[in-house]
Every structure is written in C-alpha cells, then in structure tokens.
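This briefing concerns selected elements of secondary structure and their packing. Please consult the sequence and the model while reading the points below.

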Amino acid sequence: MTMEQTPTASRRSIRVSGVVQGVGYRPFVYKTALALQLTGWVLNDPEGVLIEVTGPPGVLDDFTDRLTGQAPPQARVTSVTVRELPPQQGPEDFAIRESVHTGSRSTIVPADGHVCADCLAELRDPADRRHRYPFINCTNCGPRYSIVKALPYDRAQTTMAAFTMCPDCAREYTDPLDRRYHAQPNACRDCGPRLLLADAHGDLREGEDALDATVRALAAGRIVAVKSVGGFHLAVDARNAEAIDRLRAGKRRDSKPFAVMARDLDTVAGFAEFSTAEAGLLGSPSRPIVLVRKRPGGLPEAIAPRNPNLGVMLPSAPQHHLLVDSDGLSALVMTSGNISGYPIAYRNEEALEHLFAVADLVLHNDRDIETRVDDSLVRHSTHPGLDRPVVSFLRRSRGYAPYPVEVGTELAPLVAYGAELKTTVALSSGTRVYLSQHIGDLKNDETWESHQQTARHLAALHELTPRHAAVDLHPQFRATRLALGAQGGEFEDVVQVQHHHAHMASCMAENRLSGTTLGVVFDGAGYGEDGTTWGGEFLLGTYREARRVAHLRTVPLLGGDRAVREPVRTGFALALDTFGDPGAAAAAFPVLETLDDQQRHVFTTMVRRGINAPPASSMGRLFDAVAALLDITTHAEYEAQGPIELEGLLERDLTMAAPGERYRFGHDILAGTTEIDPRPVVRAMAADLAAGADTATISRRFHSGVVDMVVARCRAVRDAEDGPATRQVVLSGGVFLNEFLLVNCLVELGRDGFDTHCQQQVPTNDGGIALGQIMVANARLAEPRTEPTR
C-alpha cells in the first residue's frame, strides 16, 4: 500500500526507547504504518528503534500515540521522542531496514517471556507443523535474556546462531507480516533444538520419545531434572507425597518450601486461594512464582511445611505445558536444579555430571543457555488502610532481569557488587541502574564465578566501562577485596558503603526520593561503622551519608554464625539478658530446659566473658530468638526459617493485636543514640506463656509490638529533629519481607502523618543492595565525604 506525497504531508523522525528489540516492535510499527497509509522506514540501532515517517500531520499524531498505547505485550516503551524534518520526496512505501550496529548502546535487553496464546494454540493443534514442538516461539514470546550474547538483539548474537533455519522458518523470519518476523529463536522440529532425555547409565531418548518417557517417569513418582528457560528444575508429581519425600532427602532439604507449577488457574484453584490481582501476576508474561494462600487438604503438607503459603507458578516454556497437560500431572513440584548452596545448573554437562545425585533422569536439550536465570518470586499484599496494593519481590530474576531501575538523576559510570547473600550486581548508565538477576550466596567458587561472569556480561551487553566500584564496608567480603585490589587500575575509585545505608538508599532510589530521609532498616546482619554486627537500625540522612539515630539493643551471637543455624542459642542469650540467671531463663521458657546443664553453663560463660559471642543489634536475630523461645524453630535448616514460621502462625491475617495486648519495647539514650530494649517484650512473652496463651496469640502480640515500636521511634526522631523532612520514611531490609510487619508499618506510619515508602521494583532483602550502593557511591563521588570512607 502506498501514498502519494502531497504538500500537506509532514516528515518526522521518531526515536522509541525502552524494551523495544526482540519483542516484535518493528513489525508492529510496520503494520501500523501500512494501516494508516504512511510511508518511510523503521530500524533497530543501539539506542532502540528509529523511525522516519511521512504523512498527514493528524495521521502522524495518531501513529505516534499508537507507538505506546498499542505496543506489543512484551514491549516496555520508556520514551518516544519526535523531531520534525524538512519535507522531501521519500520512499513510496514503508519498509523495515537492516539493524544499525554502531553507536552508543542504550536499548534494553528484553527479559525471557512465557508462551503466548497464539503459540500455545499451535502447540496443541495436531494440524500445525509445530504441534507439540517444545521450542515453539514467536516475536511475542520465548527466551530472550537467557540466550542473548550481545546487542543489537539479532540471531547471530544469540545461542540460536548454531541452528540454520529451514526454508519454511526462513520464510516466516523474513516476512514482515508474519508473527515470526525476526523472531530470533525461530525454529521448528526440522531445523531447531532437540529434546533429549538421559538416564544415569548414559542411555538417551530424543524428541517425542523423550517427552513420553519423562511423563511416565513423573507419573511413577520418579525425580526428573528438567532444563527450563534459565536453568534446570528438579521436578516431581506435586500430588505424590512419597516422591516429594524422596526429593527432600536428595536435596537434603527437610523443611524449606518447594514451588509448584500448575497447568492453569483452574488447577491452582483446587489447592490454593488467589485474588484477581494474584491471578494477573500468575498469568503475566514474566510468569513469576506467586505466594498464594493454601487450601486445606489441597496438596501434601510436605511441599510447604508449617507455612500458610504456597509458591505457585504457571508454565513459562513450551515443554512445561507439554508436561502438565498430561493426564494426572496437572501440578508439579519444580524446585531449583542444584545441590544445596550452589547456583542452579544451566549447562548440560554440569547437569549430567551433578544432578543424578538427586534425579533419576535429566531432560535437557541442545539449545545453550548463555545466562542462568532463576525463577522470580513475588507476593501481592492488600490492606484497607493502604491506598494501593504492595507487590514485593522476594527474588527478582526471570521475566524481570535485566530491566533497569530509572532513578531520575545522572549517574557516574559505576559497578556495584552487592552483598554476600542473595547477591546481585548493578551497573549505572545515564539515569538507569541495570540490576542483574538473582545470583545467590557467595559461599563457594561456583557462585563467585557466576557473580563475576554476570557483571562482565551486563557490562558487555550495554557497552559499559565502569570507572568506579561500589562495595560493602565489610573488609573480608570477597568482592570488597577484589575491588580494592583493582583500585588505581581497573577502577579510579572504590567506595565502601555501609550495608544498611545501602538498603536505605536502594528504597530511596526506586521511589525517586531525595533530601533527608529516615530509614528503618531491619535485617539479619550487616557490618556496622563501629565494626560490630548491625541489623535493627534507624538511620537519618541522604544518599551521601546517614547517621544512626536508634538501634536495637545487642544480643550476643553464641558461636557467631552457628547461632544463625541454631537459633536456640540466641533465644538463650536473650532470655539470660532479660532474667539475669540461666535457671530463671529456663523456668520462663521451658524449651531452654532441652539444653542440658553443661550447655547452659557453657553458653552463660560465653555471654559473661564475651567468648566467641559477638554482639549484634539485629532484628532478624530477635525474630530468631522469639521463634526459638516459643519452641517453633530451635534449629534452622534454611535462612529465616524461624521468622517465617513465626509469621506463618498468623495465617496471613494482618489484623493487629488489641492495643492493650501488644508487647511494648523499652528504650534508653546512650551516647546520643536511642537503644531499643526488647527485654520488656521477653518478660511479657514469658508471662503469657505461663498463663497458657497459645503461640499464635503471642506471635501476633509480638509482631504488633514491633509495629508500634517502629511508629514510636519514627515519631520520636521527627519530634527531635523538628523538621518536615523527617516525615519521609523508607522501610528496607530482609525482615520487611514479613508481610504483617511491612503492611502494618505502612498503614500505621501513614496514619501518623509520615510519607512512607517500601520496595516494589527490587527486593527489600540483599537482592536490592547493589542499587543502593550505586546511589551512595554516586553521591560521594559528586561530593566527597569530609571523613575517609572505610
């Protein structure tokens, strides 16, 4: 279709930025231009999509509106810039031009997407040539970030470069009106990746035979390692309790909840309750795991013991649909395919070498994964006192990474290496911070190498050369030592950022806050400016610096990190601090009588002499101690097990305890800083326990007391500072993954006149630390601190 050039025609150059490559944006522009009878061209370049278009001004206005309002489902348009050009005789049609590979890269790599409705229909259609093909995709769906090696996003720069398209696929790929036009992973059974099933003896099945054998194995209660978009899962039938027990034994994971993949929302409704908004998250292109409420008797309790929630996801890859569409397999446990403490396997060779220690079979394929990407995990929270719902990331990864956070201020070229646990890395460019997918805990060389590889890959994708580094204050952290060793060489400056200040700055950044802010930062541990362990902090300041205005009274960690694995140690130390005598502590909390006389004597000596008992002002450890003293979790298999099970007693009922029943903290002024004293809470707990109160009631009173304490401390800081700036409050740190605490703090602080913010773009736990490190380092580089940084 063409249009004659007329004197009334206008010519415009339009720059579209955001997630606009690899998501079908050029064919969308092409079809829109044809429909409106416009002429010109569109192409990809390192900055996004560039369009030159000619037509009547009113029609061009309509065209420009559609670029955002009718964009493809996976596109994320961040800006549309229009520039008028002098009229001239141009092309008589509209064309898609070849990509331009030169220039400064500012386009955004698309995240991996689920199977769209059109591809799913073809997958299930016996008459379609891709019927039951496990790697079906189009421009609107399929793998992206996990397969891309470099930008612009073209097939030659992905792991699909190894597959030459057959004539039918090549025709689709080159037809601008086809749904698979420039779909880089485009393939079919004749020319694309193959499904492969291996057993421990090396026997191999392929294609439909591999799929059928996998279904039979799962139905028989066997464990299968399944290669998904970003790495391997370990799968069993979610209705088979014996298979779940075998999986737990193989993973050496007795209690930590497993995720469940369900065929569809109707299947989920059989074992969980969910809202319309939660259904929207489950069905979104990102396909995260969503925490929803269990239905009693729905699935075996062993999937998520002592927990009111289930982590549920819908299929995100074609082979997932083919598995759960099978009779009797409508729900599968799908947990990370790794050995505990190590990153998920994503290379075929590592899966075949290591996963047979747990799995009976390994279902893999010959399409390589360039970047491992775990499942994302989110929770949707509502409360009548909130003006809008809160969506919290417990893990931000597949479907969301590496989308940047737009902070609204120009940043120095930085790389931030994050924390030691649940780490991510971040790089800054312009006003964006590119935050990586979840990497894990830097406990071993494999995760450390993944950490460094991710930093290199993100930098290469966006052609970034960071001149400065931001790291944690802890002198023994691996990343801190690495960056300091590169100072003066690879990096001009290395800025060490206190852990809780980074949490605070992270929340400020995603909410685009500036000026003096009060940060309420609760977590398990972070290296403090005084060299001790912090974790129950109230900080007042800006991006550049913050001072500690209040903190939790310290409790000794008996045995250091061992106290994290054995919370009963922290419970004993807290009870001893409260009652002053080990006998009185045991009398107050019967669980302590499970410690023999020798243990209590040793622990008392450690506390009183300060032997291997470092002090910690940690809210996470306080929750540990309370869970232990109530005999909920005395020994933890996984991080935060005690706090999670303590909150689980509330059954996601966010109702605060009656005002007169809430436990009250004490406080003292020490050296100009308020010390928050939990000992009155411990005494009240002991009295309630002696009076026969159940643990759920005590948990609600404790949680409500923490909320009241937060409000009281924020009010005291506001009154002491006597300024409107201290009405701006941010809540951050891993303890705020506690839904009851987060939501009620937001509600109660709002009622008290505070402008309160939490994290919804990045995790509030250590997965968001790298963003905060970028912001603090940037502020200090712009205006260096007068005192030296640690």
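The model is predicted, and the description covers an open sheet of five strands, an open sheet of six strands, the residue Val 405 and the contact of helices H15 and H17.

**Five-stranded sheet**

- The strands of this open sheet follow the order S4-S1-S3-S2-S5, and their pairing is mixed.
- Strand S4 (76-85) and strand S5 (94-96) are the edges; each has a single partner strand, so one side of each is left without a neighbour in the sheet.
- From one strand to the next, the twist averages 15°.
- Strand S1 (residues 10-19) and strand S3 (residues 48-55) run antiparallel and are joined by seven bridges; Arg 11 has Thr 54 of S3 as its bridge partner.
- Helix H1 (residues 25-35) lies across S1, strand S2 (39-45), S3, S4 and S5, and runs at about 170° to S5.
- Helix H2 (residues 57-69) lies across S1, S3 and S4, and its direction is at about 5° to S1.

**Six-stranded sheet**

- This open sheet is also of mixed pairing, with the strand order S18-S21-S20-S19-S22-S23.
- Its edge strands, S18 (404-406) and S23 (493-497), each pair on one side only.

**Val 405**

- Val 405 belongs to strand S18.
- With a relative accessible area of 1%, Val 405 is buried, because the cut-off for that class is under 20%.
- Leaving aside residues up to four places away in sequence, Val 405 touches Thr 431, Arg 432, Val 433, Glu 510, Gln 761, Val 762 and Leu 771.
- A distance of 24 Å separates the C-alpha atoms of Val 405 and Gly 526, which are 121 residues apart along the chain.

**Helices H15 and H17**

- Helix H15 (residues 567-579) packs against helix H17 (residues 597-609) at an angle of about 65°, and their axes are 10 Å apart.
- The two helices H15 and H17 are therefore roughly perpendicular to each other.
- The crossing of H15 past H17 is right-handed.
- H15 contributes Arg 569, Phe 572, Ala 573 and Leu 576 to the contact, while H17 contributes Arg 600, Phe 603, Thr 604, Val 607 and Arg 608.
- Five residues of the contact of H15 with H17 are nonpolar, one is polar and three are charged.

Methods: Residues numbered from 1 in each chain as written. Predicted model: local features only at pLDDT ≥ 70, side-chain atom pairs only at ≥ 80, totals over all residues. Heavy atoms only, no water. Axes fitted to C-alpha atoms, helices over the stretch in contact; angles between N-to-C directions. Helix = DSSP H or I, 4+ residues; strand = E, 2+ residues; numbered from the N terminus. Parallel < 35°, antiparallel > 145°, perpendicular 65-115°, else oblique. Left-handed = near helix turned anticlockwise from the far one by under 90°. Contact = heavy atoms within 4.5 Å. Nonpolar A, V, L, I, M, F, W, Y, C, P; charged D, E, K, R; others polar. Pairing = 2+ DSSP bridges. Buried < 20%, exposed > 50% of the residue type's maximum accessible area, 1.4 Å probe, protein only.
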